Amino acid sequence: MAEIELTLPDGSVLKVKKGSKGIDVAKKIGSKLAKDAIAVEVNGELEKLDYKIEENSKVKIVTRDSKEGLEVLRHSASHVLACAVKELWPKTKLGIGPSIEKGFYYDFFKKEPFSNEDLKNIEEKMHEIIKKNHEFKRKEMEKEKAVKFYEQKGEKFKVELLKEMEGKISFYETGKFTDLCKGPHIKKTEEIKAVKLLSTGGAYWKGDEKNEMLYRIYGTAFFSQKDLEEFSKRKEEAEKRDHRKIGKELDLFSINEMAGAGLILWHPKGSALRNEVMKFEEQEHKKRGYETVTTPHLFKADTWKTSGHYNYYKENMYFLEIDKQEYGVKPMNCPAHIMIYKRNQHSYRELPKKFFEFGTVYRYEKSGVLGGLFRVRGFTQDDAHIFCTEEQLKEEIKKVIEFCLHIFKVFGFKDVAIKLSTKPEKSIGTEKQWTEAVNSLKEALKELDLKYEIDKGEGVFYGPKIDFKVKDSINREWQLSTIQVDFNLPERFDAVYIGKDSKKHRVVMIHRAILGSLERFIGILIEHFKGKFPLWLSPVQIKVVNVGEKFEEYAEKVHQELEKNDFRSELNLRSETVSYKIREAQLEKIPFVVVVGEREEKNQTVTVRNRQGKQETISLKDFIEKIKKEVKERN
RNA sequence: GCCGCCGUAGCAUAGCCUGGUUUUAUGCAGCGGUUUCGUAAACCGCAGAUCGUGGGUUCAAAUCCCACCGGCGGCUCCA
């Protein structure tokens, strides 16, 4: 009997009989594996267990406890969802129903949208279907027959999909429901132990704005009820951290209808937090040779014509006309920094030149995409531009990367993922420029011994870039920094330096932002810390509370001493019980509550309670020393 | 921008579907008083809302209809 060779995920080579199926491979590897197997991944594609494996394939057995296993389950659940909807509203037309990161969805074309009530009924119907324990049966049809099959049913979207396919078309049948599908699926519906519909929303057919809008239902599914409960808990936890909710509770910021959508009003407490972030960043920039600049919010349209924004970004900009002169509000700070660079000639000896600015920019974002601090129309970037020679590029990139990592660490973001994006289809600059720049980025990352992923073709048209994603305290990923090489603007603005050869050379420009938008970053910080900011960032660091009115004077003295030492302290002399005042401070998530009464006044001490409820009595002087250290260390 | 849901005191909610006691109820916060208190809620009282804005239907609109503004969940976009 002829044998064929397969490669397993660990790199080992397995020999199996010719014509073996996925399940045979699993059996050969181990009986337990065969029992848990749910599908097989062949050359990166999920396939059913009885898929016939060809010579030299890379094979991975997909078990239920793996990520891919969940995908199979969820995709199967989406079929059950479609089946339920079809039973309740037979005239509904089907879109597609894939599994996604946290669950699955299915798109439907229907006159009326789904209401929350509908969602409940659909979920009930799904449970009914699951209980019937239908088998997922695979069928194959010739393309023409499949087209006819769907044309008869009036499933225009499916017909459209089919027209792009070739060869034999596979279907999966679940009870009375048949769906065009490549598979793989679980064997029987009862394997879906837990399923929950989450929400509805509109979605364009094939994601294109010009197409019809379908109604999408989102849901999730698990192999056990316990996993679903875990999922719900995590979701609840994320909701508790919502920066919009905490921002209101802690009186940090607001958005005012009268001011306009996507425009943030920072309250005193929010500003205190924001200023700390800015102060810290400015210091760090100074240490690294950046020069802080300040530039206007408004520039003549000519600026944007030269930069190219006028042609390519106009829809996203705010324009106004005064004295017959057109002005554009800046969506970016780059042109201003280039103007400062160009105020005089630069020798190669002076490079690199680094300009830093907390630049407030305005971009018109479509109303539907705005949300809290995460997506706004006016925001402040921690923006800098580095002007250097080609030879300096790699070193400068390295420095920026290290800078970013340092900043992340201070804010407590330890897990960092790096992505390098290369030349997109539409781009400017020569092939040579791109190759060299990409290589500089790669080498910089390599020399720093950092792991990264390559996102092919995802660079900006004017140059390659490196993006950083960090994980917050509940493991959600956020994109923060971006480092971009730009071949475009130095050209457009004719920014040069004088080289050793005393000739003009085109300067290389790096755009970079570490936190990105301060608005967004503070939103992330709020969720990361759940409003319990470290001492140095806390809007109110200490609340001083007196035990009865006899000790108002001493409380006042302590408060003043703290303020004198640059702490953000608040005095609460109200005629409330100590318990009540502590409760208030705790709800405000203030790091330290200082309680003073008879004992403290007598010994010139303070009793300090931290957010965890631990308390100690120490001298005021020691307390100040202690928290000074804590602020300085920023931990 | 598109689809859907939503907008009632500073905040959180109820009332809206099925219009009708005098354009509204509750809790927290606020204010006034009493209490002077030792680590997450003392007691009593008071005040606070043109029910997002504008228009329409009706004898009558927080409630029904339309437009706009704003929020939320999606889609799309994020030179």
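Domain bounds here come from an automatic or database domain assignment. For chain A, that assignment gives domain 1 (3-63), domain 2 (68-238), domain 3 (271-295 + 330-527) and domain 4 (542-633). The C-alpha centres of domain 3 and domain 4 lie 42 Å apart.

Some housekeeping before I go on. This is a predicted model, in which local features need pLDDT of at least 70 and side-chain atom pairs count only at pLDDT 80 or more, while totals for chains, interfaces and linings use all residues. Residues are numbered from 1 along each chain as its sequence is written, and chains are lettered from A and ligands numbered from 1 in the order in which they are written.

I call a residue near a molecule or strand if its C-beta atom, placed from the backbone, lies within 6 Å of it. Around RNA strand B there are 56 residues, and those that come nearest are Gly 201, Gly 202, Gly 368, Ser 575 and Gly 597. Several elements give two or more residues to this surface, including β12 (194-204), β13 (213-222), α8 (243-249), α11 (309-312), α18 (578-587) and α19 (598-603). Helices (H or I, at least four residues) and strands (E, at least two) are DSSP runs, numbered from the N terminus. Which element gives the most to the surface near RNA strand B? That is α18, with 7 residues.

By residue class, the surface near RNA strand B divides into 20 nonpolar, 22 polar and 14 charged. Ala, Val, Leu, Ile, Met, Phe, Trp, Tyr, Cys and Pro count as nonpolar, Asp, Glu, Lys and Arg as charged, and the others, Gly among them, as polar.

Next, two sheets. Strands pair if DSSP finds at least two bridges between them. One open sheet has 3 strands in the order β17-β19-β18, with antiparallel pairing. β17 (298-300) and β18 (319-322) are at the edges with a single partner strand each, so one side of each is left without a neighbour in the sheet. From one strand to the next, the twist averages 35 degrees; axes are lines fitted to C-alpha atoms, for helices over the stretch in contact, and angles run from 0 to 180 degrees between N-to-C directions. β17 pairs with β19 (residues 325-329) in the antiparallel sense over 3 bridges, and Lys 300 stands opposite Tyr 327 in β19. In the loop between β18 and β19 sits Asp 323, whose phi is near 50 degrees, a positive value in a residue other than glycine.

The other open sheet has 8 strands, ordered β16-β20-β21-β28-β25-β24-β22-β23, with mixed pairing. Its edges are β16 (291-292) and β23 (453-455), each with a single partner strand, so one side of each has no neighbour in the sheet. β16 and β20 run parallel and are joined by 2 bridges, with Glu 291 partnered by Phe 355 in β20.

Two prolines follow cis peptide bonds. The bond from Gly 183 to Pro 184 has omega near -5 degrees, and Pro 184 is in the loop between β11 (177-180) and β12. The bond from Leu 351 to Pro 352 has omega near 0 degrees. Pro 352 is in the loop between α12 (334-341) and β20 (353-362). For context, most residues other than glycine have a negative phi, and most peptide bonds are trans.

Last, helix packing. How do α13 and α14 cross? The axes of α13 (residues 393-411) and α14 (residues 431-447) come within 8 Å and cross at roughly 50 degrees, so the two helices are oblique to each other. Angles under 35 degrees count as roughly parallel, over 145 as roughly antiparallel, 65 to 115 as roughly perpendicular and the rest as oblique.
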